Amino acid sequence: MKKLCTLILLAASASGLYAQGLFEAMTFSQNTYYGTARSMALGNAMTAVGGDLGSIVINPAGSAVSSYSQFTLSPSLSISSSKAGYAAIAGTDPYSGEETSRYTRFFMPNIGLNLRYDTGQKYGLKSMSFGIVANGTNNYTTRMTAGGVNNATTYSGALAWDATEGGYAPSVLNNRDSYDRHSAPWAMINGYRGGLIGDLSQNQYIGSAEVIYPNGDISIGGPIDQSYGTQSYGSKYEIDFNWGFNVDDQWFFGVNVGIQGLNYQYDEFLKEFARDPSQFPIEVDGVQANFHNLRYRYSYNASGTGINAKFGVLYAPGNGLRVGAAIQTPTALTIRERWQYAADTHFSSSSLDCNEISPEGRYDYNFRAPYHVNAGVAYTFENIALLSVDYEMCDYSTMRFYSRDGYDDDFTDANNDIRDLAGISHMLRAGVELKPVPEFAIRTGYNLTVLPESYYDDLRVKHTDNYLTHVVSFGLGYSSPGSFFADIAARYAFYPKEYFRPYGDYLFDGNTVKTASPEIENTRSLLNLVLTLGFRF
């Protein structure tokens with residue numbers, strides 16, 4: 001089965017105002033751990049390893065393993081790559097015109113300070129530690145563009161069909177106050193005021209790239225060049241206030257109070273150009289002209305802060321063996337959303353040109369992200385090699401949206417979808433470290449994330465697919481005889497294929513889709529290059 005991503009464009013249009021749903025819930029909740037170059041090179045299989053400030057976000061007991069205090073700083077570059085193919089008619093046309101997009105952003109996956117205090121006790125509590133560590137838990141860098149020739153459907157036609165089906169009066173769509181005072185979708189108001197659609201009669205509408213034929217049929221005027229693209233950036237991170245306790249150099253305990261922050265910026269556009277404007281005649285108030293091109297844009301930003309707690313334990317019975325476990329409570333987040341639409345349409349007569357930028361939409365609400373459970377085992381071979389394996393489980397069906405007063409009545413549909421369609425995710429992490437000499441280390445790691453997501457087909461039959469994300473990593477480390485150490489790592493994530501629908505189907509024969517709207521197949525990956533500079537004292 002294909003993974004079909006519901007776009008913010010469609011979600012926002014359907015709701016009229018807001019865009020909370022399973023897509024946003026997963027965006028705010030998923031953890032893709034980053035950290036120091038060492039922890040990333042080891043695939044973040046750090047639950048039973050410890051001693052590294054990148055491990056604290058996974059198992060807070062890791063801070064108690066260190067026999068020294070330390071400071072780390074880890075700058076990074078994120079390089080996103082996407083390959084997208086375009087099908088003008090979903091399900092019948094092959095994907096063609098593959099386009100490659102790359103996008104590079106700066107990222108700071110780790111900065112931290114951990115202070116160790118030796119109690120001087122021979123038995124019992126031998127040392128304690130306190131740290132403040134910020135580690136990245138997700139990275140939203142991506143860019144995708146795709147397009148091709150379409151002579152069957154147009155975005156303006158889909159928008160006109162939605163407006164007609166909704167029965168919205170032109171007086172509503174042409175009133176700027178309707179953005180905040182009416183239930184009409186913002187994309188529809190923006191499209192009408194921006195010239196993407198025009199009214200015929202009795203609340204019926206026509207797209208600017210459509211024409212009325214002599215037999216009364218309304219259809220696209222001729223072939224158009226379509227171009228569609230999305231871009232996102234930002235990150236999710238956690239600032240942990242960590243306390244660690246070393247008991248008899250065998251038992252290590254830790255607790256985090258985590259302040260979580262996120263900033264997610266999403267932008268999309270859709271452009272349509274008439275290949276032969278003479279095929280797109282239009283008359284407005286006696287002015288004869290031809291459609292030339294249109295453009296639609298949507299911008300969305302979500303920022304949030306939250307709090308959680310994490311508890312961990314690590315046991316080292318000897319002979320190089322270590323086992324560890326940790327649990328993170330659900331995260332209580334306050335989300336602040338901002339969004340804006342823009343549209344412009346151009347004709348052969350500039351007097352008919354239109355453009356519109358909506359006001360900025362705003363909405364604040366609460367969100368509960370799910371709990372996480374980690375378990376791991378590691379083995380050290382005479383300080384020459386390290387092998388570590390982790391397992392993590394997260395139940396995404398426990399995610400919930402709430403209004404600011406603590407009730408979920410405003411989010412009944414979204415929360416029901418989450419409960420019904422989200423599942424339990426499983427993550428396997430593994431890492432290997434070799435030290436040919438005490439000062440140098442060679443590292444590699446691997447992650448496999450299995451995320452089940454369900455969906456309903458046209459007959460309301462429920463299907464569940466498992467989507468796999470693979471991550472491979474490599475790195476080198478240098479530790480001086482003094483206090484300085486440095487690590488570098490490269491981490492490459494391969495995501496499952498995504499399928500986008502820039503706009504919904506609108507050409508029907510009864511209840512059957514006669515001609516489907518376009519579909520885009522996208523394959524993406526994300527490369528992170530990270531350097532960690534640290535000092536022990």
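Me: Which residue lies over the face of F269?

Reply: The model is predicted, so local features require pLDDT of at least 70 and side-chain atom pairs pLDDT 80 or more, while totals for chains, interfaces and linings use all residues. Residues are numbered from 1 along each chain as its sequence is written, and side-chain values use heavy atoms, without hydrogens and water. A charge sits over a ring if NZ of Lys or CZ of Arg is within 6 Å of the ring centre and within 35 degrees of the ring normal. At 5.3 Å from the ring centre of F269, the residue over its face is K271.

Me: At what distance from the ring centre of Y495 does R524 lie?

Reply: R524 is placed over the face of Y495. Its distance from the ring centre is 4.0 Å.

Me: How many aromatic pairs are there?

Reply: Rings of Phe, Tyr and Trp (its six-membered ring) pair if their centres lie within 6.5 Å; planes under 30 degrees apart are stacked, over 60 edge-to-face, and the rest tilted. By this rule, the count is 28.

Me: How many residues apart are Y95 and Y499, which form an aromatic pair?

Reply: Their rings are tilted, at 6.1 Å centre to centre and 55° between the planes.

Me: Is Y499 buried or exposed?

Reply: Buried means under 20% relative accessible area, exposed over 50%, and partly exposed in between (1.4 Å probe, protein chains only). Y95, at 29%, is partly exposed. Y499 has a relative accessible area of 8%, so this residue is buried.
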